[in-house]
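Subject: Structure handover

Hello,

Please find the structure below. My notes on it follow.

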Amino acid sequence: MTFFKTLGFGLLASVLAVGGASAQEKTVKIATEGAYAPWNFTGAGGKLEGFEIDLANDLCARMKVKCEIVAQDWDGIIPALQAKKYDAIMAGMNITDKRLETINFSVPYAATPHGFGVMKDSPLAKLAGTGTTVNLDKDPEGAKKAIEAWKPLLKGKTVGVQTSTVNAQFVETYLKDTVTIREYKTTEQHDLDLSAGRLDAIFAGQAALKATQEKPEFKDMVIAGTGMRGGLLGRGVAVGMRKDDADLKKSFDEAIQAAIKDGTIKTLSEKWFKIDATPQA
Amino acid sequence: MDFAFMRDTFLTLMGGVPLTLNLSFTSVALGAVLAMLLALMRMSRIKVLDWPAQGYVFVFRGTPLLVQIFLIYYGLGQFRPTLQAWGLWTFFREPYWCAVLALTLNTAAYASEIIRGGLQSVPHNQVEAARACGMSGFLLFRRIVFPIAVRQALPAYGSEIILMVKATSLASIITMMEVTGLAAKLISQTFRAVEVFIVAGLIYLILNFIITRIIMAIEWWLSPHLRRPPAIEPRLEAAHV
């Protein structure tokens, strides 16, 4: 019962803090995809798990609100936010200019580079720049050179990406004339097609690629080529919200900054990604 | 409603129409051949032919097409070494052929029941009359049974074709960029689900409108006995008086 009491007091406090804007207890409904391990995925038993589930619970405790996390398919995740099916998105979504035209973002809570996943015995395993990372904003010349260095090997290959992601945009912008692009609804599907040999490579966030490697059937997958960040790949992963929800953005911003400051994000990202994904200021 | 946007959307989505029609007609055509075979197997009264056909119809009508597409594409993808050894991988590697296969197998199950219904609805006295005229075997089938069965089955078969046109939208889950695939992509770029889906729905409506008209025309052509006979010229009647 103490749990409920604490919760009750917390809610009371938050209602008072907001200035009695609403007498009801405040519930924030957060959508995630549930198919993007280790960010968010549906674990054994059908429960949502992952970095963002842990983080959402932590942020909600900081914001002193009750949180409800729901799963929503990726390709409809922004339209459903607009349609007020939920209040926030935490689904490995990067801040991009294109998305900012439609929705608003909190400050970023994580940032990881993006890259290719290929099978070990593929000629693409020798893609240039493996292990290095380049920022499209800070070093556009270096990024251009790295992409040009890939092209001879990538010529005529088939690359899988998840539809409507920064990864899809990246491949379409820089490699459209070099490779055939196939778009998938989830990253799990392009993983399967990579192992089936229908794809020569996938382009995805490296944290997601690392999680795929953990699965026994993908032990022969390697991350190849220069890691990419910045530019149209976005300015880090953040909470997406409707533009008119300024109060919610403010409380998310504060909670995320506090979670970065006290090392919660570092701990959680090391737990789920095996690397520190704390966004650099 | 932003009509300029909807016009652009319409033009973009029209780019998917050839693939949608290609998938529908290829699978309906191949499915019809398979369905005919299945219907004849079911009506053969030979158990070793009847039972497999019954089992086939049971499985493919009883499971969702979405599941069938997933199993054929992602499921069989897991058995690449075996398929390669059998020389089938070049076929199963392509999402197009996986989509055609799944749609064909699915429509064949439904269509075989429609065709069987049509064949069984041929009036017995017509068959007897044909026999009395000395027809039998394939001649009887070709001249009497098949034309009547097709006429009886056509309305139901027409809906099956329309269902297939709509079922091609499921091919988008295996990376086929037909109308629905393009619509999903456009939504993800613009976040305007309502307008894009209205236009996509409209395109399917137009396609199916044209198809229903074609089927109606074929029905009319196949049913001369139901048409009103041409009016008798009054001059001839006058001549009798």
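B:Tyr204 counts as partly exposed, because 19 C-beta neighbours lie inside 10 Å of it and a buried residue needs 20 or more. Please keep in mind that this is a predicted model. B:Tyr204 sits in helix H11 of chain B, which covers residues 193-222. Apart from neighbours within four places in sequence, the contacts of B:Tyr204 are B:Val165, B:Lys166 and B:Val179. B:Ala167 is 37 residues away from B:Tyr204 along the chain, and their C-alpha atoms are separated by 11 Å.

Next, chain A. Helix H10 of chain A spans residues 264-273, and its buried residues are A:Thr264, A:Ile265, A:Leu268, A:Ser269, A:Trp272 and A:Phe273. Viewed down the axis of H10(A), these buried residues fall within an arc of 120°, so they line one face of the helix. They pack against three helices of chain A: H2 (51-63), H8 (206-214) and H9 (246-261). After H10(A) comes A:Lys274, which has a positive phi, near 65°.

Last, the interface. Here 14 residues of chain B are in contact with 18 residues of chain A. On the chain B side, helix H4 (65-77) and helix H10 (179-190) each supply at least two residues. H10(B) gives the most to that side, with 5 residues. By class, the side of chain B that touches chain A consists of 6 nonpolar, 5 polar and 3 charged residues.

Regards

Key: Residues are numbered from 1 along each chain as its sequence is written. Chains are lettered from A and ligands numbered from 1 in the order in which they are written. This is a predicted model: local features need pLDDT of at least 70, side-chain atom pairs count only at pLDDT 80 or more; totals for chains, interfaces and linings use all residues. Helices (H or I, at least four residues) and strands (E, at least two) are DSSP runs, numbered from the N terminus. A residue is buried if 20 or more other C-beta atoms lie within 10 Å of its own, exposed if 12 or fewer, and partly exposed in between; C-beta atoms are placed from the backbone. Two residues are in contact if their C-beta atoms, placed from the backbone, lie within 7 Å. The arc is that of the directions from the helix axis to the C-beta atoms. Ala, Val, Leu, Ile, Met, Phe, Trp, Tyr, Cys and Pro count as nonpolar, Asp, Glu, Lys and Arg as charged, and the others, Gly among them, as polar.
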